[in-house]
Protein chains: 2
Amino acid sequence: MSRPKPLSGFPEFLPEGRIVEQRVLASLAQTFELHGFGSIETRALEPMAQLARKGEIDKEIYVVQRLQSVRAGIADRDELGLHFDLTVPFARYVLENSGHLSFPFRRYQIQKVWRGERPQEGRYREFLQADIDVVGQDALAAHHDVEVALVILEALERLHTDFGVPPVLMRVNNRKLAEGFYRGLGIDDHLAVLQRVDKLDKIGPAAVADLLTGELGLSDQVAAKCLELATISAADESFVERVRALGVENELLDEGLAQLADLVAAAAAAVPGRLVADLKIARGLDYYTGTVYETEMTGFEHLGSICSGGRYDSLASDGRTGYPGVGLSIGVTRILVPLISKGALTASRTVPSCVLVAVDAEETRADAVAIAAKLRARGIATEVAPRADRFGKQIRYADRRGIPFVWFSSNEVKDIRSGEQVPADPDSWTPPEGDRRPGVSGG
Amino acid sequence: MSRPKPLSGFPEFLPEGRIVEQRVLASLAQTFELHGFGSIETRALEPMAQLARKGEIDKEIYVVQRLQSVRAGIADRDELGLHFDLTVPFARYVLENSGHLSFPFRRYQIQKVWRGERPQEGRYREFLQADIDVVGQDALAAHHDVEVALVILEALERLHTDFGVPPVLMRVNNRKLAEGFYRGLGIDDHLAVLQRVDKLDKIGPAAVADLLTGELGLSDQVAAKCLELATISAADESFVERVRALGVENELLDEGLAQLADLVAAAAAAVPGRLVADLKIARGLDYYTGTVYETEMTGFEHLGSICSGGRYDSLASDGRTGYPGVGLSIGVTRILVPLISKGALTASRTVPSCVLVAVDAEETRADAVAIAAKLRARGIATEVAPRADRFGKQIRYADRRGIPFVWFSSNEVKDIRSGEQVPADPDSWTPPEGDRRPGVSGG
C-alpha cells in the first residue's frame with residue numbers, strides 16, 4: 001500500500017498536537033465541572049427526520065447507511081445521519097430522558113460533529129465542539145444567561161493564562177432588545193429587519209439602509225434609527241443611555257436592556273475587557289429568543305466566531321412541557337488546528353514519559369522494568385528503552401522524544417537537557433513539578 | 001414532538017452513568033500514560049477501499065455519504081465509511097505520518113467505533129474501545145508482547161481495585177507455538193488445522209477430530225496430538241513441559257514456547273492469577289502471527305472477550321518498510337453498559353458539584369456567586385441555587401442530585417447527609433477528600 005494522503009477537512013494531530021488538545025480539553029472540562037456542569041455524551045447518529053427539521057438541510061448532513069443495504073440497493077428503514085452540532089442531539093436526549101433528569105439541568109458535552117462543507121481554514125468536515133447548556137422545565141431564570149457567559153469566559157481565560165491561547169472578545173446582544181426597539185418604532189416584522197441589519201458588516205450601512213427602505217418600506221428616519229442602534233457597542237453599561245437617547249419606548253426593549261446590562265456589568269467585574277455589548281450581533285435567524293453571543297480570538301478574527309450561542313425559549317418540547325435553555329458552544333478544532341499548525345501552541349515533548357530507564361543488556365531488562373515500576377508507583381510516567389543499545393543511542397532515543405530524564409541501572413539519573421547526572425533512589429526520586437507532564441505553551 | 005425512543009444498539013448513559021464512564025476512561029488513560037503510551041485520535045471516517053480490505057465486509061460497515069449526493073442520486077467520488085475498529089485507522093495513520101513518528105511508536109487510542117451488527121447484550125452498533133499498540137519500523141522486539149499484556153492487566157486491575165469492576169482472566173497463546181507444533185507433525189497447511197481447532201469450544205473434541213481426519217486427511221494419531229495440545233492450559237510455565245511431553249520437535253515451536261513462557265512468568269510475578277497460557281486460543285484467522293490475547297471478566301463470561309489482541313508481523317507496509325506491531329483493545333462499552341445498567345457500578349452523585357450555595361433572595365444572588373467563586377478558586381466544584389426558594393427546597397435540590405454540602409450566606413456549611421451545620425470560611429473550608437469528586441464504586 002502506498003502512503004495514504006490526508007482527507008481534506010478531516011484534521012488529525014500528530015502526537016504532540018494531540019497532547020495540546022488533551023490538555024485544552026481537560027482544562028475546559030475542569031472549568032465546566034467546577035461550575036457544576038456534568039458531562040454527557042450522545043450517540044453520533046440521529047434519525048434523519050430529527051436532523052433535517054427546521055430546514056437544516058443546508059448544514060450538509062452526512063447520511064449513514066449499512067453497507068449491505070447500500071449494495072443491495074435497499075433503503076434502511078430508519079435512515080440515520082451524523083449529528084452536525086451538539087444542540088439537536090442534546091434536545092433529543094433531554095426529551096428522551098426528561099423523567100430521569102433534575103431541572104434546571106446543567107450539562108457539558110465535548111464531541112466531534114460532522115458537516116459536508118467545503119473545507120477551508122476554520123471550516124472542517126469533522127470537528128470538535130465543547131458545549132455547555134442550562135435547560136429548565138417550563139421556565140429558566142435570566143441569571144443563567146449571565147452564568148453561562150461567565151463560565152465560558154473563565155474557561156477561555158484559563159486557556160489564555162495557562163497555555164498562551166490568544167485572549168478572546170465576546171460580543172453580546174439581546175433579541176428582546178432589538179425586537180422591542182423595532183416594535184417601539186412601529187415595525188411589525190422585526191425578523192425581516194434583523195435579517196437585513198445582520199448584513200451590516202458585509203455590505204455596509206448605506207446598503208442596509210437601502211434594503212430597509214426599499215424592501216421593507218421603512219421611512220428614512222426609521223431605517224436610520226435601526227442603523228444607529230446597530231452601531232452601538234460598549235464594554236460597560238453606558239450602552240443603555242445611548243439606546244435611551246434614541247427615544248424609543250417599549251417594554252420588551254426595557255427587559256432586553258436590563259438583561260444585557262446585567263450581563264455586561266457581571267462580565268466587567270469577573271473578566272474585565274473580555275465582553276462587550278454589540279447591538280449589531282444577530283446570530284442569523286436561528287431559534288434564539290434572548291441573549292446571543294459571538295466570540296472572536298484576538299489576532300485570529302478571520303476565523304470567525306470561535307464560540308457562539310444564545311438563549312432559546314424552547315430547546316425542545318413534548319407538547320405539554322417546554323424546555324427553555326441557554327448555552328454556548330466552543331469550536332475547539334477551529335481554535336486549535338490553526339494555532340497548532342502554525343506552531344503557536346506547542347507541547348514540550350511528544351510522549352507522556354518523564355523518564356526513560358536505560359537497559360544495560362537484554363539479559364538484565366527485568367531490572368530496568370523493576371525500576372520503572374517503582375517510578376510509576378509514584379505517578380512518574382516512565383518507559384523502558386526498547387533496545388539495549390549503547391547508552392549514547394538510548395539517550396538519543398529519549399532526546400528525540402523530549403523525554404527529560406534517563407535513568408541508569410547504577411541508580412543515577414541524568415537530566416539530558418543540562419547533562420547533569422546524579423545518584424538517585426527509585427523509591428524516592430521526584431522530578432521537578434514542571435517536568436512531570438508535558439508542558440503546553442503558546443506564542 | 002413526542003418523546004423519542006432509544007435507538008437499539010446505540011447506548012447512552014444518564015449523567016451518573018457517564019460519571020462512571022469518565023472515571024474509568026481517566027483511569028485507563030492514566031495507566032497508559034504512566035507507561036509512556038501517548039494518545040492519538042483518528043478521524044471517524046476512512047475511505048471505503050481502506051475499510052473493505054482483507055474481506056472485512058462482514059463487519060457490517062456503515063457507509064457515509066453527503067445528503068446532497070444521496071438525494072441527487074450521485075455517488076460521492078471518495079466513498080467513506082465509519083471505522084469499525086481502531087486498528088485499521090491506526091495502520092493508515094502510521095503509514096501517513098511515518099516520517100513524523102519515532103519508532104517504536106507507542107500509542108493509545110480511546111474512541112467510538114461503529115458496526116451495523118444485530119444488537120444484543122455485549123454487542124452494540126456504536127461502542128467505545130480503548131486500544132494500546134507498540135509498532136516498530138521493520139522489526140519489533142518480543143519483549144513488547146509481554147509489556148502490552150502487563151500494561152493492560154495493570155489497567156484492568158486498577159479498575160477492579162479502585163472502582164470494583166470485576167477481576168479479569170487473560171488467556172494467551174502464541175501462533176508460532178501452534179504453527180511450529182503442526183509443522184513438527186508434518187502438517188503443511190497449519191492454518192487449516194488452526195481453523196478447525198478454533199471450533200473446540202463450540203463443537204467439542206470428537207467433532208474437531210472428525211474434521212481433522214475427514215477434511216484434512218490427518219491420521220488419528222496426529223489429530224489426537226493436535227487436540228492434546230489444545231487442551232493444555234496453565235497459570236505458570238508448567239505448560240512447557242506438557243507440550244514437550246507430546247514429543248514434537250520444531251524450531252518455531254521452541255520460539256513460541258519460549259515467548260509464551262516469558263509472558264506467563266512475567267504476569268505471574270506482576271499480577272498473580274490474572275493470566276493463563278491456554279493453547280486453544282486462536283483469535284480467528286486474523287492477521288496475528290505471534291502472541292494472541294483474549295480476556296474474560298469474572299462473572300460476565302457470557303459477554304465474551306472484553307479485551308483482545310495480538311502480535312502482527314505487518315500492521316502496515318508501504319512496500320519498502322514494514323511496520324510490525326503488538327496491541328490490545330479493551331471493549332469499554334461491553335464492560336460498562338452491563339455493569340452500569342445492572343447497578344453493579346454506580347456514582348455517589350449525579351453532578352460534579354460538591355457544594356450548593358443557597359440564595360437568600362434574588363437581590364443578594366451576587367453574594368452567593370461570590371462565595372461560590374471563592375470555593376472554586378480552591379478547586380471545589382460549586383453551583384449556586386437556581387432559585388431563592390425557601391431553604392428546605394434548596395436543600396432538597398441538593399439532595400436529589402447527591403450534592404453533599406449546602407452553604408448559607410451566614411457562612412455556615414451543612415452536610416446534608418448527617419445534618420451537621422458548622423461555621424466555615426469560604427477562603428479556607430475544605431471538604432473531606434472523598435467528597436471532592438463523585439465516588440465510583442462497584443458491587
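**Ground rules.** This is a predicted model, where local features need pLDDT of at least 70, side-chain atom pairs count only at pLDDT 80 or more, and totals for chains, interfaces and linings use all residues. Residues are numbered from 1 along each chain as its sequence is written, chains are lettered from A and ligands numbered from 1 in the order in which they are written, and side-chain values use heavy atoms, with hydrogens and water left out.

**Domain bounds.** Domain 1 of chain A takes in 15–34 + 94–346, and domain 2 covers 351–442; the bounds come from an automatic or database domain assignment. I have their C-alpha centres 48 Å apart.

**Helix H12.** Next I checked H12(A), residues 332–341, and found 9 of its 10 residues buried, meaning under 20% relative accessible area (1.4 Å probe, protein chains only). Helices (H or I, at least four residues) and strands (E, at least two) are DSSP runs, numbered from the N terminus. Among the buried ones are A:Arg334 and A:Pro338. The cover includes helices H1 and H5 and strands E6, E10, E12 and E13 of chain A, with contact taken as heavy atoms within 4.5 Å. After H12(A) comes A:Gly343, with a positive phi near 75°.

I then followed E16(A) into E17(A): they run antiparallel, joined by 4 bridges, where pairing takes at least two DSSP bridges. A:Phe405 has A:Asp415 as its bridge partner. This hairpin has 3 residues between its strands, and A:Asn411 in the turn has a positive phi of about 55°. E17(A) also pairs antiparallel with E18(A), over 3 bridges, and A:Lys414 stands opposite A:Gln421. Here 5 residues separate the strands, with A:Gly419 in the turn at a positive phi of about 85°.

**Chain A on chain B.** Last, I superposed the copies: a rotation of 180° with 0.0 Å of shift along its axis does it, RMSD 0.1 Å, by least squares on the C-alpha atoms of residues with pLDDT of at least 70 in both. That is the relation of a two-fold axis.

Key. Buried < 20%, exposed > 50% of the residue type's maximum accessible area, 1.4 Å probe, protein only.
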